[in-house]
2 protein chains.
Amino acid sequence: MAVDTALSERKLIILKAIIQNYLETGEPVGSRTLTKYTNLNLSSATIRNEMADLEDLGYIFQPHTSAGRIPSDKGYRLYVDMLMDEKEQEITERENGLLEKTDKVEKVLRQAAKVLAANTNYATMVSSPVNNRNTLKFIQLSQVDAEQIVAVIVLGGNVIKNKIIEVGETLSNENLLKLNMLLNTTLNGMSIDQITLGLIARLKEQAGIHSEVVGHVLDAVAEIIHIEDDMEIYTSGATNIFKYPELSDKQSAQEIISAFEEKQQLADLVTETLASENSHGIQVYIGDETPVKTMKDCSVVTATYELGEGMKGTIGIIGPKRMDYEHVMRTLKTLQNELDAIYNKDPKE
Amino acid sequence: MAVDTALSERKLIILKAIIQNYLETGEPVGSRTLTKYTNLNLSSATIRNEMADLEDLGYIFQPHTSAGRIPSDKGYRLYVDMLMDEKEQEITERENGLLEKTDKVEKVLRQAAKVLAANTNYATMVSSPVNNRNTLKFIQLSQVDAEQIVAVIVLGGNVIKNKIIEVGETLSNENLLKLNMLLNTTLNGMSIDQITLGLIARLKEQAGIHSEVVGHVLDAVAEIIHIEDDMEIYTSGATNIFKYPELSDKQSAQEIISAFEEKQQLADLVTETLASENSHGIQVYIGDETPVKTMKDCSVVTATYELGEGMKGTIGIIGPKRMDYEHVMRTLKTLQNELDAIYNKDPKE
DNA sequence: TGTTAGCACTCAAAAGAAAAGAGTGCTAAT
DNA sequence: ATTAGCACTCTTTTCTTTTGAGTGCTAACA
């Protein structure tokens, strides 16, 4: 609890008490309450003086004259950065089974969002991992019927893409075999952004068979490979915001819940998070700090997880500013670890 | 406007006026208002007498003594069944392009939900089509690497399922070829529910190669085929309910929006709709009639669409009971037609 | 007999008034 | 530097009053 701040030890104690009390009750906290809540034996009058100072410094404010004080964004920020007790020890202990392992990534992520919401009583989101530096592991074209070919592409992390390609004329069996061979020998192990249009053009020449069909099919393959992994976002507990009066007036509720339904804004949030420096740590956005304007009256806490082979995704919690940051960060860390572990060759299994 | 009801012509006119006025204003409607709103030249006193009768018969009621009348569920029902003017003519006219055609069914459906919400100001849902009587069109196993096989299954309507199968030992190339041959010759053209476990067991014997791997792989294949087509449900405009005071108190709003987030209840609704007799017509559930209890204070209007080859899905609108049924039903019909047309070989293109 | 004017009555919603309570800032004493 | 004391400020709650829409019923009317 280093103090290179301008704040005296005593002010810090009082500020911490104010914030903790406010987190618990949601009510502005007054000087009398603090005399009981802290163990410095001071009268309410003294506390009042300190509070006046803290207000001048911008850490707390009064919703109206003659009400207690509420933490400002700056106050919360200080709290999260320096004042909060982090109970690190517990993290490792409870690292067991919130999630069931299943082979469908989608299911796991859905469940993750749910678990998170159930554990915290806030709104939660989990993004599917994206990675353009992913590598191609296997590719195969098969003839479904006279006019259709199905292309199946397996990427690292066992992400499977596929698509039906409509072809005018039938492709001979030998040609198909040749194509498959060619594609696999050339492309396997390459990362997706290495597979450029130029490369495909060269492939077309090498293909030897100069039929139009082959060209068409190769174009289609290129297209499939580059189709944006449209990031999925799973959400849960959006209606938890109704539990917090400061967010549940019609206006706010509508905005926030819309954001959860439309998901575009959440996607922006994810992008932002992944881009940020401190990736793989935990990020806390308080009020206006949030990259998404809709959530300017909320706090957003996010973490990045990694499903092997550099596929990163984000898990996040959105709630009121008076959020139980400790608990949220702990839960998020736990889940982050589980996700990190679940698809990586985990020593335990 | 046949009258085999016990209601006199005049009572019907008054009831209709009450309902239409209430749909417009959302306020209980009183006798004086009706003297102006209708063109039967009657005094408010006479109207009051008629209203008293209508109330006795259960078509309208007062939210409290000394308020105007509001339609009951029974009243709405009568309105929808007999009183409403249906402007059929317009339907055909505007049957153009609310939706952009794209090859991703998912995108179209997402968009459909959005368009519907934008056009009606209610909450909307669109289910992806499901069909267990779908037939298997093509199946292929391919070796991805030493320990993984990818199984690709193409169903009618070009629905593609796939999964990675983990195998302990490598399957020889010839065996794989044999298996593929066997699977395709036996299963192609069969409907999914014809492919029973017994059939797979027999296949195992025929497989000839009695290695464990083959058995394992076949089991996996059976599993994939039978994995429930998890019906996707796309929603839009859930927050529109905030526009209707009767649904936007915290309690109701939370319940309804949760239903939209969790989607399980919507899925039940879809199942119900598809099962019902009058499929491919339009169904109107008023209040308690709704199969989903959460929506007992709403009206739900649904329609079934068909994406070729018997793949049926549902589109639906959820709003307050005082919903603009005419407009909703018209919009729903339009969209239903568009969806029906968009993937069926449409003569126009 | 069906219709209507008239009137007393009911009840919700809006507006106002009063009381209670929490908390503050400041001053003066310790 | 701390604190007791007090006047003051605002919100919140409660109670009362007023307003207004709408009803049901009765008695008169065509």
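Across all chains of this predicted model, the structure holds 26 salt bridges. Side chains of opposite charge can pair when their charged atoms come close. One of these pairs joins B:Arg10 and B:Glu50, whose side chains meet with a distance of 2.7 Å from N to O. Because B:Arg10 belongs to helix α1 (residues 9–25) of chain B and B:Glu50 to helix α3 (residues 44–56) of chain B, the pair ties together parts that are 40 residues apart in sequence. The two partners can also be described by their accessibility: B:Arg10 is partly exposed, with a relative accessible area of 33%, whereas B:Glu50 has a relative accessibility of 7% and therefore counts as buried, the limit for that class being under 20%.

A salt bridge is also formed by B:Lys11 and B:Asp53, and here the closest N and O atoms are 3.3 Å apart. This pair links distant parts of the chain, with B:Lys11 in helix α1 of chain B and B:Asp53 in helix α3 of chain B, 42 residues apart. B:Lys11 is buried, at a relative accessible area of 13%, while B:Asp53 is partly exposed, at 33%. In another part of chain B, a salt bridge connects B:Lys204 with B:Asp219, the closest N and O atoms being separated by 2.8 Å. These residues lie in helix α8 (residues 197–206) and helix α9 (residues 212–226) of chain B, respectively, and the pair links parts of the chain that are 15 residues apart. Both residues are partly exposed, since the relative accessible area is 31% for B:Lys204 and 38% for B:Asp219, values that fall between the limits of 20% and 50%. In chain A, salt bridges that share partners join A:Arg10, A:Lys11, A:Glu50 and A:Asp53 into one network.

Of the atoms of DNA strand C that come within 4 Å of the protein, 73% belong to sugar and phosphate. B:Arg10, already described as a partner of B:Glu50 in a salt bridge, also has a polar side-chain atom 2.9 Å from a phosphate oxygen of DNA strand C. Helix α3 (44–56) of chain A and helix α3 of chain B each supply at least two residues of the surface near DNA strand C, and the largest share, 4 residues, comes from α3 of chain B. By class, this surface has 4 nonpolar, 12 polar and 4 charged residues.

For DNA strand D, 20 surrounding residues were likewise found, the closest being A:Arg10, A:Ser43, A:Thr46, A:Ser66 and B:Ser31. Sugar and phosphate account for 75% of the atoms of DNA strand D that come within 4 Å of the protein. The elements giving two or more residues to the surface near DNA strand D are α3 of chain A together with α3 of chain B, and α3 of chain A gives the most, with 4 residues. The classes on this surface are 4 nonpolar, 12 polar and 4 charged residues.Turning to the chain as a whole, chain A has 12 helices and 10 strands, and buried residues make up 51% of its 349 residues. Among contacts in chain A between residues at least 6 apart in sequence, 61% join residues at least 24 apart. A:Gln206, which lies in helix α8 (residues 197–206) of chain A, counts as exposed because its relative accessibility is 51%, the limit being over 50%. By contrast, A:Cys298 is at 0% relative accessibility and therefore counts as buried, as does B:Cys298 at 0%. Over all chains, the count of disulfides comes to 0.

How values were computed: Residues numbered from 1 in each chain as written. Chains lettered and ligands numbered in written order. Predicted model: local features only at pLDDT ≥ 70, side-chain atom pairs only at ≥ 80, totals over all residues. Heavy atoms only, no water. Disulfide = S-S within 2.5 Å. Buried < 20%, exposed > 50% of the residue type's maximum accessible area, 1.4 Å probe, protein only. Salt bridge = Lys/Arg side-chain N within 4 Å of Asp/Glu carboxyl O. Near = heavy atom within 4 Å. Polar contact = N/O pair within 3.5 Å; in protein donor to acceptor, adjacent residues only side chain to side chain. Nonpolar A, V, L, I, M, F, W, Y, C, P; charged D, E, K, R; others polar. Contact = heavy atoms within 4.5 Å.
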